[in-house]
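Here is a short briefing for a first look. Start with the view below, then read on.

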Amino acid sequence: MEAYMNKGIKEVIDQFPEVEDILNEYDIGCGPCSVGTCLLKDIVKIHNLPADQEQEMIARIAQTIYPGKKIEIPRVERKTKERTEKVTYSLPMKMLVEEHVLIKRLVALIPAIVENLDAKSEEGRQIILDTVDFIRSYADKFHHAKEEEILFKYFDDSLDILKVMYEDHTQGRGHVQAILEALDRKDETTIAKHLTAYGVLLSQHIKKEDEILLPWLDRNLSISRIGKLFKEFKEADDNIGYSASKYEAFIERMEAKFKK
Ligand SMILES: [Fe+2]
Ligand SMILES: [Fe+2]
């Protein structure tokens, strides 16, 4: 079993597809991951399940890999306390979680934007351009940049869990580029496809960050580093040259427009 704990998750799932269902039952959604090189033991550690659930999950995985055999269940080493029901965040992580709330409000508007998509009229095109501006200026430049250029630099950014986050950000940028190219061609089908895919990507991405990544990063930062991080986040916001309130106003306007 130890050998499988040290294998990349995609390799384990390829060999034993049932492992994906077991992980899903514990709310660990590795199946659709774009990277998949995280080691099984690291995934167990990062998700920080209560000890009894963790042992139960590993035992079920062991039974899938070695059916009917009695296997010694390896204990996953951890330096920090196991997860409690309520997640609390440090101040800098709270800033990111609050920014996620505004991004999730945009994600919630995407079905209505797609349903009313009009790439031919000036008003319809402006809605698409404003949505892209929100994604580029707020979700990406204001928010993802703090993660990529500041927060992730506090860690080894070749860590698999961070690679997954970078890859999600890159995929998001690809969808935005495709939306703009399709807008030039007035191709509403392609705009709808990429906008919808962006919404799905971001809602899964934010869930991973809120529930797994940010609490894990918090557990691995000292108080003094958290203070330094908070200061750097504030400086980044002050230096960006525009206020986030413009984007809150945009979301409010869109919510009022598409209110049922
Ligand atoms: Fe992110
Ligand atoms: Fe984020």
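How far apart are the iron ion (ligand 2) and the iron ion (ligand 1), and which residue coordinates both? They are 3.2 Å apart, and Glu147 coordinates both. Keep in mind that this is a predicted model.

**The site of the iron ion (ligand 2)**
- The coordinating residues are His100 (NE2), His143 (NE2), Glu147 (OE) and Glu209 (OE), at 1.9 to 2.2 Å.
- The angles among the four donor atoms run from 84 to 168°, and the site is irregular.
- Along the sequence, the donor residues follow the spacing H-x42-H-x3-E-x61-E.
- His143 belongs to helix 7 (residues 122-150) and Glu209 to helix 9 (residues 188-219), so this pair ties together parts 66 residues apart in sequence.
- His143 is buried, at 0% relative accessibility.
- Glu209 is buried too, with a relative accessible area of 0%.

**Aromatic pairs**
- The structure holds ten aromatic pairs.
- One of them is Tyr138 with Phe142, which is stacked: 5.2 Å centre to centre, with 20° between the planes.
- Both residues lie in helix 7, four residues apart, about one turn of the helix.
- Tyr138 and Phe142 are both buried.
- Tyr138 also pairs with Tyr247; that pair is tilted, at 6.1 Å centre to centre and 40° between the planes.
- Tyr247 lies in helix 11 (residues 245-257) and Tyr138 in helix 7, so the pair ties together parts 109 residues apart in sequence.
- Tyr247 is buried, at 3% relative accessibility.
- One aromatic cluster is formed by Phe134, Tyr138, Phe142, Tyr242, Tyr247 and Phe250.

**Charges over rings**
- Lys146 places its charged end over the ring of Phe142, 4.0 Å from the ring's centre.
- The charged end of Lys7 sits over the ring of Tyr4, 5.2 Å from its centre.

Definitions and conventions. Residues are numbered from 1 along each chain as its sequence is written. Chains are lettered from A and ligands numbered from 1 in the order in which they are written. This is a predicted model: local features need pLDDT of at least 70, side-chain atom pairs count only at pLDDT 80 or more; totals for chains, interfaces and linings use all residues. Side-chain values use heavy atoms; hydrogens and water are left out. Donors are N, O and S atoms within 2.8 Å of the metal (3.2 Å for Na, K and Ca); water is not among the atoms, so sites may look incomplete. Four donors count as tetrahedral if all angles lie between 85 and 135 degrees; four count as square planar and six as octahedral if opposite donors are over 155 degrees apart and all others between 65 and 115; anything else is irregular. Helices (H or I, at least four residues) and strands (E, at least two) are DSSP runs, numbered from the N terminus. Buried means under 20% relative accessible area, exposed over 50%, partly exposed in between (1.4 Å probe, protein chains only). Rings of Phe, Tyr and Trp (its six-membered ring) pair if their centres lie within 6.5 Å; planes under 30 degrees apart count as stacked, over 60 as edge-to-face and the rest as tilted. A charge sits over a ring if NZ of Lys or CZ of Arg is within 6 Å of the ring centre and within 35 degrees of the ring normal.
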